[in-house]
Amino acid sequence: MMKFSKTSIAFFKGNSRKGRKPVREGIAPILPTECMQKIFKYIQDCDTSSKLYSSLLVNRYWSKNVVPFIWSRPFQLCSKQNRYKLINTLLMFFSLEETELINSKLRAYNIIIPARPNPIFNYIAMIREIHYLELENFVSSYLKKVIFIGANGMYQQVQISFITGSLFQTFLRQSINLETLIIDKEIYTMDLPDISIFTESNSNLLNLSNLKIDYNNNKILNMIQFLNYISGLCHNIQNLEFKFNINAYNNDELLKSISKTIRAQNELRKFNLSNVKRTGIESVMMSLLIHDNTLTSITLAFIKLNQTIMNILLSLSQLKKLKLCYCEGLNNYNFTHNLNLDTLHLVDLSTDLKLFKLIIQSILQSTGNSIKQLGFNIEHIESLNIALNYCPNLDEIILYYLSKKNQSNKLVNKIINRLEKSWKEELSLLPFYNKEISLKTIIYH
């Protein structure tokens, strides 16, 4: 981590080193731009980003240097009470034609977006991370605070979705520094907005490095179109995550678009896939083989596995992290391989506990020496002895708990605390294992 002198930090505290004259109130030092940006980056990385806001008011030079850091992740940094202000600012980036089109759709709901000149700074171009669900929540706050003042429940989801979709299209066209895009699952019954306006002439998404789609919706026509655009414009994505509704995969075009997106990348490093229970997943897994030299992490959850899929996984020479969670189909598979994994999660791979223990033993026999982190179902404490027999370098165990519908947080925590206690007691009874192993629990929804 980069270190700064006490003098540099003093500029933010409003004082100076002993023996030097303090900076007069109202006057800020003019540091080189590179130095200013390093200091702001340091503050941002230290999880004290809220302190950046005070720097906006020092002078124009400071403001110019700190604005890109504040607007790199605006939805995460903005307080709940100021959400409507953020949307109010973003709406200023619509062109006159866009504003007229949006108002023609919203006029029936007594909503009018005023046409205003763009702000001094191009804030949208500074955004590096977008969460679709957060964007919807912010738009909801805007409608409640600005449009329907004092009226509860009078605005409808269709209005929220329309404004959110319009802003999303604007981001795709103007967010030239966008690195992370997360399309969350709670997009209600609406499909992703039609992005046909986003043509190949818009190459803004070339810098996208992280794409995560967690989408619990059966309406996927526009999503498929979106993935096809991504595969044509983005070639430097390093982390890809797909979690669709289990029924959405019945559309062959979705699996084809996922495969196309994978193949279009130059250096894919991390890949996650969830909820595929049908045949056809082999084509997606085959597309991973072109990334044999770069792919280091794969997570499969709620997947129906078979010998072809496992052969592909175990042939990836650079793989370091493999997580198989709540998968099925490994009853009769031979796990002999030469992988040098440091992280391996094996969670609920069979409903037959005896068979599950045989699967774990078979896998760990060939890869256990390199394992430093193991993941198990918290309810299968029988896995512990097998792990300790084959994993001499084990440092950490991750325990998974699959939360059930209608379980309260209080009940879940009570169950987890009881089960964690059993694991800790079991570890304490193994004095021959002279290495401390940490435990961590993940609640899987």
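**Buried side chains, ring pairs and cysteines**

Student: Why does Gln265 count as buried?

Tutor: Gln265 has a relative accessibility of 4%. Buried means under 20% relative accessible area, exposed means over 50%, and partly exposed is in between (1.4 Å probe, protein chains only). The value of 4% falls under the buried limit, so Gln265 is buried. This is a predicted model, in which local features need pLDDT of at least 70 and side-chain atom pairs count only at pLDDT 80 or more, while totals for chains, interfaces and linings use all residues. Residues are numbered from 1 along each chain as its sequence is written, and side-chain values use heavy atoms, with hydrogens and water left out.

Student: Where is Gln265 found, and which residues does Gln265 touch?

Tutor: Gln265 is in the loop between helix H11 (252–263) and strand S5 (270–274); helices (H or I, at least four residues) and strands (E, at least two) are DSSP runs, numbered from the N terminus. Leaving aside residues up to four places away in sequence, Gln265 touches Cys234, His235, Asn236, Ile237, Leu240 and His291, where contact means heavy atoms within 4.5 Å.

Student: What makes Phe75 and Phe138 an edge-to-face pair?

Tutor: The structure has 15 aromatic pairs. In the pair of Phe75 and Phe138, the rings are 5.2 Å apart centre to centre, with 85 degrees between the planes. Rings of Phe, Tyr and Trp (its six-membered ring) pair if their centres lie within 6.5 Å; planes under 30 degrees apart count as stacked, over 60 as edge-to-face and the rest as tilted. The centres and planes meet both limits, so the pair is edge-to-face. Phe75 belongs to helix H4 (residues 74–77) and Phe138 to helix H8 (residues 132–147), 63 residues apart. Both Phe75 and Phe138 are buried.

Student: How do you know that Phe244 is buried?

Tutor: Its relative accessible area is 1%, so Phe244 is under the limit for buried. Phe244 is also one of the residues in a cluster linked by ring pairs, with Tyr215, Phe242, Tyr249 and Phe271.

Student: What makes Cys325 buried?

Tutor: Cys325 has 2% relative accessibility, so Cys325 counts as buried.
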